[in-house]
Amino acid sequence: MAKAHTSHTLRGMPTLFTPTHHDFERFPATRYQGSKRRSAEWIVERLADLEYRTVLDAFGGTGSVAFAFKCAGKQVTCNDLLRFNHRIGLALIENRDVRLEESDIDFLLAAHEGVRYDDFIQRTFQGVYFTDDENALLDRLAVNLAAVRCPFKQALSSFAVFQAAIAKRPYNLFHRANLYMRLADVERTFGNKATWDTPFEAHLRAFAREANDAVFDNGLPCRAVCADALEIEPGFDLVYIDPPYVSASGVGVDYREFYHFLEGLVRYEEWPMLIDATLKHRPLARKADPWARAETIADCFTRLFDRFRGSILAVSYRSNGIPSVEALEALLRERKRHVVCHARAEQPYALSTDRATREVLLVGWD
Ligand SMILES: C[S@@+](CC[C@H](N)C(=O)[O-])C[C@H]1O[C@@H](n2cnc3c(N)ncnc32)[C@H](O)[C@@H]1O
């Protein structure tokens, strides 16, 4: 996908820049809800005829599309509201050359002399998501992660911990207190018991290798940021928009609710103050996400399109969401001279079982 094109140095001098060729397939496999890993190359290819150099991935998630833009030699800013996703952006998008050693994983796993390890996860999540031994290890991992000094090593290590925690969860989510599903001695028709039972240590080392393999420098200063998409300063050549999805029946994906445990791991010190202890699965206290509600999502799109109206706008969407594709297209046409809607034949959504929907990419430019 990467090809030679005219670009500019940081001082504004035009150069012929050939991006470091990097295989998108090196992007780690992901179980993240709504990940576009399987369509990221398709998305970037649909934009190939447009002229742009700087890109904002406003709802970066795992960073899979930001990574495809990075492979294509673009100067990428990868944003997400959640702090654990920001760590992933640091590890795989902003990071150019830092990799983990086996000794970095040893550091995460060890109990270090003179360090006070809390038992917050053991006390709060007993019998909820992981076994007692795993909870004790997670308490240690959270404290050790906070002590890693190099931000990129910390980000890569965090990535490995998140992936391991997700891999060991039924449905790969933290939406229910359902450890019993993992432990029950029954015939299963779903999930992967072998993956659930693989020790954290083995998962950590494997995911650290995957992350290391994805680290590369495309010659441009790519960045990871952690903000509300509606508060980012405009000025990018292209803005890629892949917000939470609200289905036709009005059900939205609330990422903070699905992945609160990972957010807690990176906010370990403040976690006790953030939690809703009245609920069995101990999520973070609810903060309504206007992008995840049928009543407010259309207004969010309008405000986002207005904010970034000077940029090429590229929106990933599904054919049966709220608002409809037609309504979104109309919003774009009010602001852009050219609008096209590309439809993808495949069903590339991680975890999606809904075969009736199609993935689309709406693109508006002047
Ligand atoms: C559909 S997912 C993006 C998936 C991503 N393209 C990928 O391939 O992994 C939507 C993301 O938007 C983030 N998000 C939700 N509300 C946000 C907001 N107001 N500003 C920025 N990000 C937000 C969520 O944390 C989630 O990671």
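This is a predicted model: local features need pLDDT of at least 70, side-chain atom pairs count only at pLDDT 80 or more; totals for chains, interfaces and linings use all residues.
## The cavity

Let's start with empty space. Rolling a probe the size of a water molecule over the atoms shows where empty space is left. Here, the structure turns out to hold 1 cavity of 30 Å³ or more, and the volume of the largest cavity comes to about 100 Å³.

Who sits around it? The lining of the largest cavity is made up of 14 residues. Nearest the centre you'll find Thr30, Thr62, Ile88, Gln163 and Ile166. Sorted by type, the lining has 10 nonpolar residues, 4 polar ones and no charged ones. As for where the cavity lies, both domain 1 (1-97 + 216-251 + 311-366) and domain 2 (99-214 + 255-288) give residues to the lining, so the cavity is between the two.

## Helix 3, mostly under cover

Helix 3 is worth a look of its own. Of its 12 residues, 10 are buried, so the helix is mostly covered by the under 20% cut-off for relative accessible area. Among the buried ones are Ile88, Leu90, Leu92 and Ile93, and the list also includes Arg87 and Glu94.

What do the buried residues of helix 3 pack against? Their partners are helix 2 (64-71), strand 4 (75-79), helix 7, helix 10 (200-214), strand 5 (223-225) and helix 12 (260-266).

The largest nonpolar core has 87 residues, and the members that touch the most others are Leu47, Phe69, Phe261 and Trp271. Helix 7 shows up again, giving this core its largest share, 11 residues. Domain 1 and domain 2 both give residues to this core, so it lies between them. Apart from this core there's another one, of 27 residues, including Val239, Ile241, Val325 and Val360.

Leaving out residues up to four places away in sequence, Phe261 touches Ile121, Phe125, Tyr129, Phe130, Leu138, Phe174 and Trp271.

The peptide bond joining Ile322 to Pro323 is cis, with omega of about -5°.

Two residues have a positive phi without being glycines. For Asn172 the angle is about 60°, and for Arg282 it is about 55°. Asn172 is in the loop between helix 7 and helix 8 (179-183), while Arg282 is in the loop between helix 13 (271-274) and helix 14 (297-307). Are they buried or exposed? Asn172 is buried, with a relative accessible area of 12%, whereas Arg282, at 24%, counts as partly exposed.

## Out at Gly310

Our last stop is Gly310, in the loop between helix 14 and strand 7. Gly310 is exposed, at 75% relative accessible area. Along the chain, 71 residues separate Gly310 from Val239, yet their C-alpha atoms are 9.7 Å apart. Val239 itself belongs to the core of 27 residues.

Conventions. Residues are numbered from 1 along each chain as its sequence is written. Side-chain values use heavy atoms; hydrogens and water are left out. On a 1 Å grid over the protein atoms alone, a cavity is a set of points where a 1.4 Å probe fits but cannot get out, and a pocket is an open set with protein on both sides within 12 Å along at least five of seven lines; lining residues have an atom within 4 Å of a point. Grid points are joined across faces, edges and corners, and a volume is the space filled by probe spheres set on the points. Ala, Val, Leu, Ile, Met, Phe, Trp, Tyr, Cys and Pro count as nonpolar, Asp, Glu, Lys and Arg as charged, and the others, Gly among them, as polar. Domain bounds come from an automatic or database domain assignment. A nonpolar core is a set of buried Ala, Val, Leu, Ile, Met, Phe, Trp, Tyr and Cys residues joined through side-chain atoms within 4.5 Å. Buried means under 20% relative accessible area, exposed over 50%, partly exposed in between (1.4 Å probe, protein chains only). Helices (H or I, at least four residues) and strands (E, at least two) are DSSP runs, numbered from the N terminus. Contact means heavy atoms within 4.5 Å.
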